[in-house]
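Please keep the structure open while reading.

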Amino acid sequence: ETTILQVEGLVTEFKSERGIVNAVNKVSFDLERGQTLGIVGESGSGKSVTNLSILRLIEYPPGRITGGKVLFHDQDLLSVSENEMLSIRGKHISMIFQDPLTSLNPVIKVWKQIAETLMLHQGMKKQEAKKQAIELLRIIGIPDPEMRAECYPHQFSGGMRQRVMIAMALSCNPDILIADEPTTALDVTIQAQILDLIREKKEQYQTSVIMITHDLGVIAEMCDQVCVMYAGRIVERAGVEALFGSPKHPYTRGLLESIPRMGNVGTQRLHSIKGSPPDLANLPPGCPFRDRCDKAMDICASQLPPEVVLQEAEGERTVACWLYPQEGKHGRA
Ligand code: SF4
Ligand code: MG
C-alpha cells in the first residue's frame, strides 16, 4: 500500500463574535491509494472543514488554517502557491459537494460543463469532449443522454445534477475524490446508484476516496477505514470491521448503539446521543465529550486525552480517550 495523502496535526480556526472557533483541532490521518476513508460525525464536528482545508478552500476571513501539514505526494499543500493549488484541485483532488446546484453554472448547458472539464483536464477537442460528455451522461444513467445534454442544470432533478457533478469529478480521473455527503439529499434508489458509480470508478482507476457522511450505512457499505470526529477532533480511527465490531471510544459506542439492531442500516442516520456537543468557541479543558460520557473520570475534566495507538489483530487503531492504556501515545498529535 502506498500512502497518497498524509494529514498531520491540521488546525483550522474561524473568527466569530463569540471568539475563535476551533473547527478542526489537530487532525491527523493517512489515506492509502485505492482506499476509501470514511469520516463520520454529527454536523459541526469538523468533517467538512477538514476536507475544505485539505483543498485550501477555507475563506479568510473568517476562516484560517493555523497549523499542520497536508502531504500529497510528499508535497505540503499548505505551502504550495495558489497557482499550483488550482491545478491540484480538480486534476488531482476533486471534491463533490452536497448541493450540486450551487456548483453547476445555471446558464451553461449540461454537456458543455462536462466537456469543459474534459477539455481542461484531458486535453480533448470540443467535438470529442461533447461525445464523451454524452457518453458520461449515459454511464451515470441519465435517460435520453443526447437530448438531456442540451438541457440547463435547473431542468435536471436534484439526483441527476448530483450524478452530473460526480461524473465531472470522476472524468478528471483524480487521485483523490472527496465526497461530502454526496447522497444525503437523494432518495434511496439514486443513492445506491451513486454509491455504485463511485465504487466502480474507484476500482477502475484505483482512486482514493474520502467519504464524508453522517450515515453509518454508507460507511459500512463503502469504506475501508473510518475516522470518527467529535468537536473538531478525530476521537477514533480504525478499519471498518474493527470499528463496527468493537467500537472503543464512548462516543463511537453511542453512535453505533443508536442504530436499531434489526433495522435497515442503510437508511439510518446518526441519532442524537443525550446532551449536545460543546461550544467550539469556548472549549472547556479536558475531554470535549465528558459532559455526555457515562464513563467520565476525574482526569477527563482537566486533561485532553491524547490519541493513542492500539495494535490489534485486524491492524492499527487510534483512540483519544483516557480509558485506554497510554503507552502507545501517538507521535504526531
Ligand atoms: Fe469519556 Fe473520559 Fe474517554 Fe472522554 S476521555 S470519552 S470523558 S472516558
Ligand atoms: Mg458538512
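## A loop residue with positive phi

D144 is found in the loop between α4 (126–139) and α5 (145–148), where helices are DSSP runs of H or I with at least four residues, strands are DSSP runs of E with at least two, and both are numbered from the N terminus. D144 has a positive phi of about 50° although it is not a glycine. With 10 C-beta neighbours inside 10 Å, D144 counts as exposed; a residue is exposed if 12 or fewer other C-beta atoms, placed from the backbone, lie within 10 Å of its own, buried if there are 20 or more, and partly exposed in between.

## Basis of the model

This is a predicted model, in which local features need pLDDT of at least 70 and side-chain atom pairs count only at pLDDT 80 or more, while totals for chains, interfaces and linings use all residues. Residues are numbered from 1 along each chain as its sequence is written, and chains are lettered from A and ligands numbered from 1 in the order in which they are written.

Most residues other than glycine have a negative phi, and most peptide bonds are trans. A cis peptide bond joins Y60 and P61, with omega about -15°, and another cis peptide bond, with omega about 5°, joins P61 and P62.

R56 also lies in the loop between α1 and β4, and, although not a glycine, R56 has a positive phi of about 55°. R56 is partly exposed, with 16 other C-beta atoms within 10 Å.

## Surroundings of the ligand

Ligand 1 is surrounded by 13 residues, the closest being C287, R290, C293, C300 and C321; a residue is counted as near if its C-beta atom, placed from the backbone, lies within 6 Å of the molecule. By class, this shell has 11 nonpolar, no polar and two charged residues, where Ala, Val, Leu, Ile, Met, Phe, Trp, Tyr, Cys and Pro count as nonpolar, Asp, Glu, Lys and Arg as charged, and the others, Gly among them, as polar.

## The chain as a whole

The protein chain has 11 helices and 12 strands. Its C-alpha atoms fill a box of roughly 65 × 50 × 45 Å, taken along the principal axes, and 39% of its 333 residues count as buried.
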